[in-house]
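Hello,

Here is the structure I promised to pass on. My notes follow below it.

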Amino acid sequence: MTNIIGTYECKIDSKGRLMVPAPLKKQLPAPTDGFVLKRSIFDQCVELWPKAEWDIMMVKINKLNRFVKKNNDFIRKFMAGVKMVEIDDAGRLLITKDLIEYAGISKDLVLTSKVNIIEIWDKDLYEKSISGDDMDFADLAEEVMGNLNDDDNGIS
């Protein structure tokens, strides 16, 4: 499993290319493995999945019975807009126009870790999403992580 760290700002050009920041690029698997770009399920952003992480998710998706309508509907929506991409020799990543429109991307971007994948956000939308106006992060942290203590390492 890949663990990616950090939040990085960059710009996207008129052709939909962004220069992957060097500190982020160093954390990514070999460019020959490729990546998958897709719409986020919960947020108005695009997710960049290292191919190895995508393959793990596809194993899970392939276990779903496609003769159950909810499963079939989920698969269709999950796979909507999925693209195989590579980082070119110049360190650029191309985001297709349909994904740019979906994520409301203008010029300034934020690339941020979501543990093993990267979210690509329009900077203004990212700032709104983390502003905390719609939730109390302390309450959320307690609810999500409050009962977790399986490593006895004293962290939780």
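The second largest pocket is lined by Lys 38, Ile 41, Phe 42, Glu 47, Trp 49, Met 57, Phe 74, Phe 78, Lys 114, Val 115, Asn 116 and Ile 117. A pocket here is an open set of points on a 1 Å grid over the protein atoms alone, with protein on both sides within 12 Å along at least five of seven lines; lining residues have an atom within 4 Å of a point. The space in this second largest pocket comes to about 220 Å³. That volume is the space filled by probe spheres set on the points, which are joined across faces, edges and corners.

By class, the lining has eight nonpolar, one polar and three charged residues. Ala, Val, Leu, Ile, Met, Phe, Trp, Tyr, Cys and Pro count as nonpolar, Asp, Glu, Lys and Arg as charged, and the others, Gly among them, as polar. Strand 4 (46–50) and helix 3 (69–79) each give at least two residues to the lining. Helices (H or I, at least four residues) and strands (E, at least two) are DSSP runs, numbered from the N terminus.

Before you go on, note that this is a predicted model: local features need pLDDT of at least 70, side-chain atom pairs count only at pLDDT 80 or more, and totals for chains, interfaces and linings use all residues. Residues are numbered from 1 along each chain as its sequence is written, and side-chain values use heavy atoms, with hydrogens and water left out.

Now the overall layout. The protein has six helices and eight strands. From the N terminus, they run β-β-α-β-β-α-α-β-β-α-β-β-α-α. Buried residues make up 33% of the 156 residues. Buried means under 20% relative accessible area, exposed over 50%, and partly exposed in between (1.4 Å probe, protein chains only).

One lining residue deserves a second look. Val 115 has a positive phi of about 65°, although it is not a glycine. Most residues other than glycine have a negative phi. Val 115 sits in the loop between strand 7 (108–114) and strand 8 (117–122). Its relative accessibility is 48%, so Val 115 counts as partly exposed.

Next, the charged pairs. How many salt bridges are there? The count comes to 10, where a salt bridge is a side-chain nitrogen of Lys or Arg within 4 Å of a carboxyl oxygen of Asp or Glu.

- Lys 69 and Asp 73 meet at 2.8 Å, N to O. They are four residues apart in helix 3, so about one helical turn separates them. Lys 69 is exposed at 60%, while Asp 73 is partly exposed at 25%.
- Asp 98 pairs with Lys 83, with the closest N and O atoms 2.9 Å apart. This pair links distant parts of the chain: Asp 98 is in helix 4 (residues 97–103) and Lys 83 in strand 5 (residues 83–85), 15 residues apart.
- Arg 92 pairs with Asp 88, and the closest N and O atoms are 2.9 Å apart. Salt bridges that share partners also join Glu 47, Lys 114 and Glu 119 into one network.

Last, the surface. Phe 137, Leu 140, Val 144, Met 145 and Leu 148 make a nonpolar patch of about 480 Å². Patches are made of residues with over 30% relative accessible area and no salt bridge: like charges are joined within 9 Å, nonpolar side chains (Val, Leu, Ile, Met, Phe, Trp, Tyr) within 5 Å. Areas come from the Shrake-Rupley method with a 1.4 Å probe; for residues, only the protein chains shown count as cover. Leu 148 is in the segment after helix 6 (137–145). Leu 148 is partly exposed, at 39%.

Best wishes

Note on methods:
1 Å grid on protein atoms, 1.4 Å probe; cavity = no way out; pocket = protein on both sides within 12 Å on 5 of 7 lines; lining within 4 Å.
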